[in-house]
Amino acid sequence: MSRGEKKRGSRGKGGSDMTKFGVILGVVALIGAGWLFWSVRGSVLGTPATGPLLELDLEDQALYRQLAQGITSGDPTGTIGIIEFGDYQCPGCGGFALAVKPQIDLALVQTGRAYFQFFDFPLTNMHPHAFLAARAARCAGDQGLYWEYHQELFRNQSSWSGRQSAVGAFLGYAQGLGLDQDTFEGCVKSDKYADVVTANMSLGQEAGVSGTPTIFLNVKGQGLRPIMRNDFQSIEAAIESALEDLETAGN
Amino acid sequence: MSEDATGLDASPPPLNRMVIAVLAMVGLFVALYLMAHNVGLTGPIVCGVGDCGTVQSSVYAKVGPIPVSAIGVAGYLTLLCLAYLGVQPGNRGSPFIGAFLFSGSLGGVTFSAYLTYLEAFVIEAWCQYCVISAIVMLLIFLAALPEVPRFLRRVS
């Protein structure tokens with residue numbers, strides 16, 4: 001046998017096995033590297049925070065109070081405040097926002113009889129996009145259009161609720177309202193306000209909120225009183241009653 | 001070692017070592033992904049099943065200053081290199097590579113089992129990537145078992 005034949009002979013089956021091995025290893029390496037690169041790249045461009053922060057330390061009371069802020073419409077130093085803990089993906093909150101809140105705005109806030117304050121309470125175990133929606137609304141607030149965006153989210157609730165990802169829809173509403181796209185997108189695709197929304201949720205839990213919408217009346221000097229029914233008449237009646245109590249207490 | 005007349009290694013490449021190499025590469029990428037998260041390169045960790053965030057932010061995600069994922073990267077890389085070297089002609093019968101492969105995978109599977117125990121009973125949360133890594137490590141260990149008789153044959 002010539003030397004060449006002997007060489008070929010010894011490399012026979014071993015050689016093709018090594019080739020297969022090399023190919024498989026190479027393919028796994030390519031897939032692995034591709035997956036890794038795609039995962040990291042996505043975040044360098046900014047991954048939106050879509051859930052509450054687990055590492056948020058709320059032991060510091062000052063920090064807690066600073067973060068657990070609602071958004072206020074009207075004069076927050078007023079005597080009567082209507083407090084809502086809400087979830088943008090909750091149908092009941094949608095109903096409230098579209099039917100009751102406009103009446104509150106017209107009859108109570110604009111007349112100075114009460115202010116309205118919205119706190120985020122996304123029911124994250126049921127509503128996958130609610131946390132992001134809360135953050136997006138606050139991002140819109142950075143550009144002065146919080147309430148417009150707030151209403152837009154509720155108005156289009158059925159459209160974005162069922163989607164796999166709501167980011168596209170949220171960016172679309174911002175565009176529709178004339179917000180600066182780059183700023184808004186940069187805000188949404190980050191973890192900005194994740195701590196604020198998490199603190200809001202914590203505050204709600206402390207206040208005994210379990211479902212949404214939950215409405216309280218914040219009476220100056222008397223604290224929070226829950227309102228059992230969310231319709232406008234009940235809220236107005238509760239305010240009347242609170243004002244009477246204040247007058248009686250004053251005498 | 002079987003040789004032909006030219007003195008070249010004619011033994012077939014050990015299948016178990018090829019399997020270990022491929023598995024170790026899979027484990028390596030999983031560990032690299034977790035390490036990327038631990039050093040802050042990725043955002044909030046995306047978990048299809050389970051609660052990765054809780055596990056990755058627990059005290060057990062680190063051994064002193066070193067993230068567990070870094071230990072995983074080092075371990076898988078070592079196993080990958082050993083297994084890869086171990087299929088090259090000339091090394092196929094090597095008892096040393098076999099010994100290191102077996103002991104390395106034994107250490108790895110023990111450490112993995114400990115981490116899995118922590119997830120189940122102490123942290124009480126599952127991270128799907130940790131579970132995948134544990135399964136990969138177990139498979140590597142099973143694939144390394146043939147090294148024991150191979151080693152014993154060589155040294156006897």
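Author: Helices (H or I, at least four residues) and strands (E, at least two) are DSSP runs, numbered from the N terminus. Please also bear in mind that this is a predicted model.

Reader: Noted. Where does A:Tyr193 lie?

Author: A:Tyr193 is in the loop of chain A between α8 (181-188) and α9.

Reader: Is A:Tyr193 buried or exposed?

Author: A residue is buried if 20 or more other C-beta atoms lie within 10 Å of its own. A:Tyr193 has 24 C-beta neighbours inside 10 Å and therefore counts as buried.

Reader: Let us step back to chain A. How many helices and strands does chain A have?

Author: Chain A has 10 helices and five strands. Of its 251 residues, 32% count as buried. Among the contacts in chain A with a separation of 6 or more, 77% link residues 24 or more positions apart.

Reader: What is the strand order in the sheet?

Author: The five strands form an open sheet in the order β1-β3-β2-β4-β5 (chain A), with mixed pairing. Its edge strands are β1 (71-73) and β5 (223-227) of chain A, each of which pairs on one side only. From one strand to the next, the twist averages 25°.

Reader: How many bridges join β2 to β3 of chain A?

Author: Six bridges join β2 (residues 80-86) to β3 (residues 115-120) of chain A, and these two strands run parallel. Within this pairing, A:Gly86 has A:Asp120 of β3(A) as its bridge partner. On this part of the sheet packs α9(A), which touches β2 and β3 of chain A and makes about 105° with the direction of β3(A).

Reader: In what sense do β4 and β5 of chain A pair?

Author: β4 (residues 214-219) of chain A and β5(A) pair in the antiparallel sense over five bridges. A:Asn218 stands opposite A:Leu224 of β5(A). The two strands form a hairpin with three residues between them, and A:Gly221 in the turn has a positive phi of about 85°. In the loop between α9 and β4 of chain A one finds A:Pro213, which is joined to A:Thr212 by a cis peptide bond with omega at about -5°.

Reader: Now helix packing. At what angle do α4 and α9 of chain A pack?

Author: α4 (residues 130-142) and α9 (residues 194-206) of chain A pack at about 120°, with their axes 9 Å apart. Angles of 65 to 115 degrees count as roughly perpendicular and those over 145 as roughly antiparallel; α4(A) and α9(A) are therefore oblique to each other. Their crossing is right-handed.

Reader: Which residues make that contact?

Author: A:Phe131, A:Ala134, A:Arg135 and A:Arg138 of α4(A) meet A:Ala194, A:Val196 and A:Val197 of α9(A). By class, five are nonpolar, none polar and two charged.

Reader: And what about α4(A) with α8(A)?

Author: Their axes come within 9 Å and cross at roughly 145°, and this crossing is right-handed. A:Arg135, A:Ala136, A:Cys139, A:Ala140 and A:Asp142 of α4(A) meet A:Phe184, A:Cys187 and A:Val188 of α8(A). This contact has six nonpolar, no polar and two charged residues.

Reader: Another topic: which residues does A:Pro48 touch?

Author: Leaving aside residues up to four places away in sequence, A:Pro48 touches A:Leu132, A:Val167, A:Val188 and A:Lys189. A:Pro48 belongs to the loop between α1 (3-44) and α2 (61-67) of chain A and is buried, with 23 other C-beta atoms within 10 Å. Its C-alpha atom is separated by 9.7 Å from that of A:Ala136, 88 residues apart along the chain.

Reader: Finally, chain B. How do α4 and α5 of chain B cross?

Author: The axes of α4 (residues 95-123) and α5 (residues 128-144) of chain B come within 9 Å and cross at roughly 150°, so α4(B) and α5(B) are roughly antiparallel to each other. The crossing is left-handed. The contact includes B:Leu101, B:Phe102 and B:Glu119 of α4(B) and B:Met137, B:Leu138 and B:Phe141 of α5(B). By class, this contact has 12 nonpolar, five polar and one charged residues.

Methods
Residues are numbered from 1 along each chain as its sequence is written. Chains are lettered from A and ligands numbered from 1 in the order in which they are written. This is a predicted model: local features need pLDDT of at least 70, side-chain atom pairs count only at pLDDT 80 or more; totals for chains, interfaces and linings use all residues. Axes are lines fitted to C-alpha atoms, for helices over the stretch in contact, and angles run from 0 to 180 degrees between N-to-C directions. Angles under 35 degrees count as roughly parallel, over 145 as roughly antiparallel, 65 to 115 as roughly perpendicular and the rest as oblique. A crossing is left-handed if the near helix is turned anticlockwise from the far one by less than a right angle, and right-handed if clockwise. Two residues are in contact if their C-beta atoms, placed from the backbone, lie within 7 Å. Ala, Val, Leu, Ile, Met, Phe, Trp, Tyr, Cys and Pro count as nonpolar, Asp, Glu, Lys and Arg as charged, and the others, Gly among them, as polar. A residue is buried if 20 or more other C-beta atoms lie within 10 Å of its own, exposed if 12 or fewer, and partly exposed in between; C-beta atoms are placed from the backbone. Two strands pair if DSSP finds at least two bridges between them.
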